[in-house]
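Open the model in your viewer and keep the sequence panel at hand. We will go from one selection to the next, with a short note on what to look for at each stop.

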Amino acid sequence: MALALGLFVLAGTRLLAQTDPSAPAAFDLRPYTAFFVSIEGDPRGGIGFVAQLKDGIAVVTQARVIDGETRFAARTGSGISVHEDHLLFADNADLARIDDAKLTSGLAVADPVDGLVNIGDEVVVLGNNNGSGTAVPIPGKVTAIGPDAVDIDAPFVPGDSGGPVIHVKTGKVIGVAAYLRIRQIDPDDESGSAMQVIERRCAYRLDTVAHWSEVDPQAFAYEGAALAPIALRTRWLARLSDDLDTHGAVHYDDYLQEGNPLRDLIGRFRDEMIDRKSHGGTFLEAKQHFLFFAADDCSNDVFSLRPQAFAIPYHQRRLQQLIRERQELAAFFNALSARQDEGEGFNSHFRRRVEGTWTPVPENDYPVDYPPLTPAPIIVIPSERGYPYRPNPGATNSIPPGWRR
């Protein structure tokens, strides 16, 4: 990875406002800003911080902040440009560190966390202010303590991942902020066609990292670039499952932008639905075809991949995580197709999920950007009957006319 000079501006750093009732009044942000690190990459950036670890001083961040980047630049709040000559990853967590001899001091790390931190203790996440490059404190409390992570309720967002989580009482860092979004089939849904989305905000503990393994930055960049399109496709498949599960509809325009990995899939579905509407056809078969290929799309690009094909343990674990998420998504699309086949899975009304129920709204209540020729969207209607999981939606694996694998 080529190293370029990153820009970091602390002039806009905001301190905790005394008028903010949710802010810990005794917390002073100023001692921490010099160790806040701005990380720039291509196409995105992130944050980290300088920490005093057991075996030295290093910049630490969540590994996903730098994964897949082809350009890397980091600069501390005190103006030190950090080089990535020594890039290391934790063997048991989604953590990365960068060692640089120019770093002579860092934030104190709670060690051990178990002996200092209790449930309910106040914490502050030093976030990135939605990517603006300014440090911003986000207050919260400890809700659970585990061997590798501490759960907190501070309302930080994905762009704040990688920042330090500071224990207000002691002023020490208890871990690296990580925003996790986990999807799985809702175990309480008998039909298997409801997706449960779990949000978790935690701090990956630094005191329990048993070992850091050094990797070649170029090899890391190469493997990260190989996984990047798989991660991107996973995010859009998850977005599609959210649309179907929450809104019961596919908003075509969201997926038809240049570079969207699902553009062909959504485009073919839109064209077939419009064609069936103009010819007075039924939509059931078109929806089954679509869901079949959505499920198929969950495995096409990972079917032949094996974690062992990657040399870096972090990427092995990352691929395993992506494959597990793809399996959940495929099960969702398959189960949703089974609901369609029962004849109760679609309706001419747009529906919204409200507190676990489907609420019909007037048919003219579509989003303003919804294509005017859009026929009935895919939706799920609850039923007292249970629907069995069926691995092959539409009872056939044949490829519909005009579709390609």
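Helices (H or I, at least four residues) and strands (E, at least two) are DSSP runs, numbered from the N terminus. With those labels, pick out β3, α2 (63-66), β14 (173-185), β15 (195-204), α3 (217-247) and α7 (313-344): each of them supplies at least two residues to the lining of the largest pocket. Please keep in mind that this is a predicted model.

**The whole chain**

Show the protein chain as a cartoon. There are seven helices and 18 strands to find. Of its 405 residues, 50% count as buried. Among contacts between residues at least 6 apart in sequence, 68% join residues at least 24 apart.

**The largest pocket**

Now colour α3, which gives the most to the lining, with eleven residues. If you colour the lining by class instead, you will see 17 nonpolar, 14 polar and 15 charged residues.

**The largest nonpolar core**

Next, select I66, F89, L95 and L206. These are the residues with the most contacts inside the largest nonpolar core, which has 49 residues. Strand β3 (residues 45-53) provides the largest share of this core, five residues. Centre on I66 and show what surrounds it: leaving aside neighbours within four places in sequence, I66 is in contact with I39, T61, F72, L87, F89, A96 and F220. A second, separate core has 29 residues, including L237, L240, A286 and L291.

**A stop on β3**

Go to V50, which sits in strand β3. Is V50 buried or exposed? V50 is buried, because its relative accessible area is 1%, and the cut-off for buried is under 20%. Apart from neighbours within four places in sequence, the contacts of V50 include F35, V37, I57, T76 and L107.

**The largest cavity**

A search of the whole structure finds two cavities of 30 Å³ or more. For the largest, with a volume of about 40 Å³, select F89, A90, D91, S213, V215, I312, P313, Y314 and R317, which line it. The elements giving two or more residues to this lining are β7 (86-90), β16 (212-215) and α7. Here α7 gives the most, with three residues. By class, the lining has six nonpolar residues, one polar and two charged.

**A cis peptide bond**

Most peptide bonds are trans. Zoom in on D111 and P112 for a cis one: the bond from D111 to P112 has omega near 0°. You will find P112 in the loop between β9 (107-108) and β10 (122-127).

**Two cysteines**

Finish with C202 and C298. C202 counts as buried because its relative accessibility is 0%, and C298 is buried too, with a relative accessible area of 2%. How many disulfides does the structure have? The count comes to zero, taking a disulfide as a pair of cysteine sulfur atoms within 2.5 Å.

Terms used
Residues numbered from 1 in each chain as written. Predicted model: local features only at pLDDT ≥ 70, side-chain atom pairs only at ≥ 80, totals over all residues. Heavy atoms only, no water. Core = buried A, V, L, I, M, F, W, Y, C linked by side-chain atoms within 4.5 Å. Buried < 20%, exposed > 50% of the residue type's maximum accessible area, 1.4 Å probe, protein only. Contact = heavy atoms within 4.5 Å. Nonpolar A, V, L, I, M, F, W, Y, C, P; charged D, E, K, R; others polar. 1 Å grid on protein atoms, 1.4 Å probe; cavity = no way out; pocket = protein on both sides within 12 Å on 5 of 7 lines; lining within 4 Å. Points joined across faces, edges and corners; volume = space filled by probe spheres on them.
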